[in-house]
Amino acid sequence: MTEINIKKIIDSAVNGNEFPFNRFFEDTFKKLLPKLTALTNSKDDAQDVFITSMHKFWERFVIKQEEPPLNSIAYIYMMCRNAWLHKKRQPWNSVILVDNNAYSLNKAKNDVLITEQEKTDIENDISLKHKALSIAINELCDKCKKLIEAELDNNIKLKDLQQEMGYNNYQALVQAKYNCKKRLVKKVTEALINLKKNNS
Amino acid sequence: MIPEKDLDLITRFFDLDLSYEELKEFEKRILLDIKFRERCEAYKAANDIVNTTYPDKDKLVRAEKWKTLLKDKETTIATKKTPWKWVGAIAAGFIITFFIWQLNSTFQEPDLNKLIASSWNKKIGLDFNTIRSTKKDSLKSLVSSAYSTYSDMNYQSTINLLSDYKADTIYYEDVLLLRALSFYKKEDSDTALKTLDTLSKYHTGKKSKVANWYKGLIYLEQGDIKTAEKFIELPKHKTKELKLRE
């Protein structure tokens with residue numbers, strides 16, 4: 001896949017024609033399948049990580065319209081490796097090192113039942129996350145809030161909002177929505193850390 | 001406040017943007033740096049709650065489409081190929097109705113996508129099962145090999161195999177078709193359409209309808225519905241299929 005070809009494919013997608021991108025999707029999967037199966041030892045997992053990676057690829061190069069990589073196939077494979085790590089290894093859930101001693105954070109496999117305390121902790125955790133979300137969404141500007149909340153209203157079509165909100169084209173609106181969501185995630189992260197600090 | 005550098009690294013981790021070396025460093029840091037791990041956990045929790053509360057509808061639709069594409073690919077490889085008989089299909093006497101649609105017409109994009117994808121999957125004209133390679137006929141063997149490389153998506157190999165095939169030789173119609181479709185799959189739609197044009201006007205008339213069918217599909221995929229409709233007919237109802245224009 002030459003640089004010019006991937007640019008053409010991405011431009012088509014940006015302009016609303018997803019067919020070349022779909023073909024690129026199929027061709028790339030076929031090319032990477034042997035490597036991905038070797039990485040994950042499972043065709044289903046290979047498919048899973050590939051789709052996850054292609055979503056991220058779409059976000060970066062079609063929505064955000066960043067400069068595409070020189071070797072898109074190699075880049076996608078790198079993303080798949082990242083995705084596989086996320087899926088299976090979850091490093092922060094496994095082990096911590098304290099004074100060079102390793103402590104496993106995973107519960108033993110035979111501890112199936114959760115205690116009442118654990119139930120309460122889980123509920124508190126959920127409540128804290130929703131509180132953080134509520135704080136963060138109110139810190140967003142009105143435009144961002146409207147873009148994000150429009151997704152929840154089945155009566156609102158994003159394409160109709162484009163002119164109303166002053167975007168040159170639909171793609172600009174999609175990009176703005178993406179940036180707003182990223183901003184929201186960062187704000188929720190900060191709010192969550194602050195709430196946990198205050199609770200401890 | 002999370003340091004900007006950490007936030008950037010964590011964001012890139014969740015965007016699957018770390019190189020192999022960066023990933024190794026990231027993992028080490030997660031294990032050793034409790035504060036950093038807590039920041040990662042907070043970002044993950046934030047990401048999850050935002051995407052659960054405000055799901056991206058376009059992304060969900062695209063995910064389903066992609067899963068279907070991969071499933072269809074598996075099914076096509078696994079099932080036995082049935083040669084398509086144009087004469088039989090036309091003789092079946094489908095009722096052909098005609099409708100002109102604008103690009104933002106009543107056809108919802110997912111329906112058009114599905115129609116086009118299923119039309120390509122029919123592999124009309126690619127009845128290479130009827131061409132059996134024999135030791136006595138090297139040309140048949142060559143064309144059969146070209147069909148195989150095309151099916152395996154090695155389009156450049158198909159083009160290379162058939163590059164010296166002489167015009168007016170037996171099976172030349174198959175050669176033109178395979179060349180055209182291979183060029184299209186390699187994003188060279190101009191050459192593909194020119195080759196299909198040659199095939200549609202070829203004096204034997206074999207596969208001229210097939211050539212028109214693919215011309216229609218290519219124009220449709222490119223969004224040029226007006227030109228596509230010179231060759232194929234868009235169905236009035238969503239449940240019907242694309243048909244060759246007679």
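## Exercises on a predicted two-chain model

Among contacts in chain A (heavy atoms within 4.5 Å) between residues at least 6 apart in sequence, 56% join residues at least 24 apart. This is a predicted model, in which local features need pLDDT of at least 70 and side-chain atom pairs count only at pLDDT 80 or more, while totals for chains, interfaces and linings use all residues. Residues are numbered from 1 along each chain as its sequence is written, chains are lettered from A and ligands numbered from 1 in the order in which they are written, and side-chain values use heavy atoms, with hydrogens and water left out.

**Exercise 1.** Work out which elements make up chain A, and in what order they run.

*Solution.* Start with the DSSP runs, numbered from the N terminus: helices are H or I with at least four residues, strands E with at least two. Chain A has eight helices and two strands. Next, read them off from the N terminus: α-α-α-α-β-β-α-α-α-α.

**Exercise 2.** Find the disulfide and describe its geometry and setting.

*Solution.* First, apply the rule that a disulfide is a pair of cysteine sulfur atoms within 2.5 Å. Over all chains, the count is one. The partners are A:Cys144 and A:Cys180, with sulfur atoms 1.9 Å apart. Second, take the angle about the S-S bond: at -75°, the link of A:Cys144 and A:Cys180 is left-handed. Last, check accessibility, where buried means under 20% relative accessible area, exposed over 50% and partly exposed in between (1.4 Å probe, protein chains only). Both A:Cys144 and A:Cys180 are buried.

**Exercise 3.** Describe how helix 8 of chain A packs on helix 3 of chain B.

*Solution.* Begin with axes, which are lines fitted to C-alpha atoms, for helices over the stretch in contact, with angles from 0 to 180 degrees between N-to-C directions. Helix 8 (residues 170-199) of chain A and helix 3 (residues 34-53) of chain B have axes 8 Å apart, at an angle of about 130°. That makes the pair oblique (under 35 degrees is roughly parallel, over 145 roughly antiparallel, 65 to 115 roughly perpendicular, the rest oblique). Finally, look at the residues that meet: among them are A:Leu184, A:Val188 and A:Leu192 from helix 8 of chain A, and B:Ala42, B:Tyr43 and B:Ile49 from helix 3 of chain B.
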